Amino acid sequence: MISGQLKALKDEEVFEVPVLGSPYSKMLGLHLKRDEKGKITTIMKYSDDLIGVPFPPALHGGPLIALLEMASFFELAWELNIEFIPKTIDVNVDFLRMGKPQDCFASAKIFRRGRRFANLHAKIWQEDFDKPIATARLHFLIIDPTKKRVQKD
Amino acid sequence: MDNFELPPLKELMNYLSHAKRLGLQVIFEDGKKMTLKMPYHSDLEILEGTGYVAHGAVAALVDTAFGMVIYKQFLIPHRLVTLDLRIDYMGKSDPRQDIYADVICTKLTREVAFVNGEIYSDGKEPFALAIAAFSHSSVGT
């Protein structure tokens, strides 16, 4: 489980590890990194399978959306110490620049965390942090499905 | 960058590495509508052994379907760029099932193509909706 892997990493100050237990993350070559400042970055290692348009080569939008969503999930799971998988409600992606055939870095910020929902903004950059190639707004449902709650209408 | 030719629709999928990796197939096309299928494969699981296909793969399916339905609207090859794309996840897909995207090109202007679509697994109610805007430009201009 991804959350189990995160729990094991909690004691480590700095790390860069491949995401385990998720075949799709493996296909995308996702790695999770924590730097000296404690910032969590999700990295998508380049492979030819990620190319969408071949002339000139550009990254496919799908993996970029996946990366934005995964980066948001990791940020949520890390910050809130949750052990369940939050449900994605919506993902709103803006594509700003062409994705070059090279590694992508993504980070997310929790803008608002309520009782039931969390709103995050995520971004992907390649060479320059200040020149994102894509940004996204996402909503997650953060109610633990294992805990019973009174149904409201 | 200018002197190249984009392939016709039927061959297009072979050029899109990621779409090919996901095994995407066009199973229906008519005018402004198109249906793409993403066959289930354990490589697409978000968590090993659960059978649930990752949202990312669904996003890739939708993005490809949008691109292809717009591509088909033109007589000559056009270069397409996704401006924005939104996906609403209304529920879960069925585990270990093929996933389909029905897409429609709702409006084509001189610069922009508007598309939306529904995503469902075998013959069921859609579990996700998507809407996007693409910029298009004829190749070489």
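In this predicted model, G61(A), G62(A), P63(A), I65(A), A66(A) and E69(A) of α3(A) meet H55(B), G56(B), A59(B), A60(B), D63(B) and T64(B) of α3(B); residues are in contact if their C-beta atoms, placed from the backbone, lie within 7 Å. Helices (H or I, at least four residues) and strands (E, at least two) are DSSP runs, numbered from the N terminus. By class, this helix contact has five nonpolar, five polar and two charged residues. Ala, Val, Leu, Ile, Met, Phe, Trp, Tyr, Cys and Pro count as nonpolar, Asp, Glu, Lys and Arg as charged, and the others, Gly among them, as polar.

The axes of α3(A) and α3(B), residues 55–71 of chain B, come within 7 Å and cross at roughly 150 degrees. Axes are lines fitted to C-alpha atoms, for helices over the stretch in contact, with angles from 0 to 180 degrees between N-to-C directions.

In total, 31 residues of chain A are in contact with 31 residues of chain B. Elements of chain A that each supply at least two residues to this side are tabulated.

| Element of chain A | Residues |
|---|---|
| α2 | 23–28 |
| α3 | 61–80 |
| β4 | 87–95 |

β4(A) gives the largest share, eight residues. The chain A side divides into 18 nonpolar, eight polar and five charged residues.

β4(A) also pairs with β3(B), residues 78–89, in the antiparallel sense over five bridges; pairing requires at least two DSSP bridges. Within this pair, V91(A) stands opposite I87(B).

Residues are numbered from 1 along each chain as its sequence is written, and chains are lettered from A and ligands numbered from 1 in the order in which they are written. Local features need pLDDT of at least 70 and side-chain atom pairs count only at pLDDT 80 or more, while totals for chains, interfaces and linings use all residues.

Terms used: Contact = placed C-beta atoms within 7 Å.
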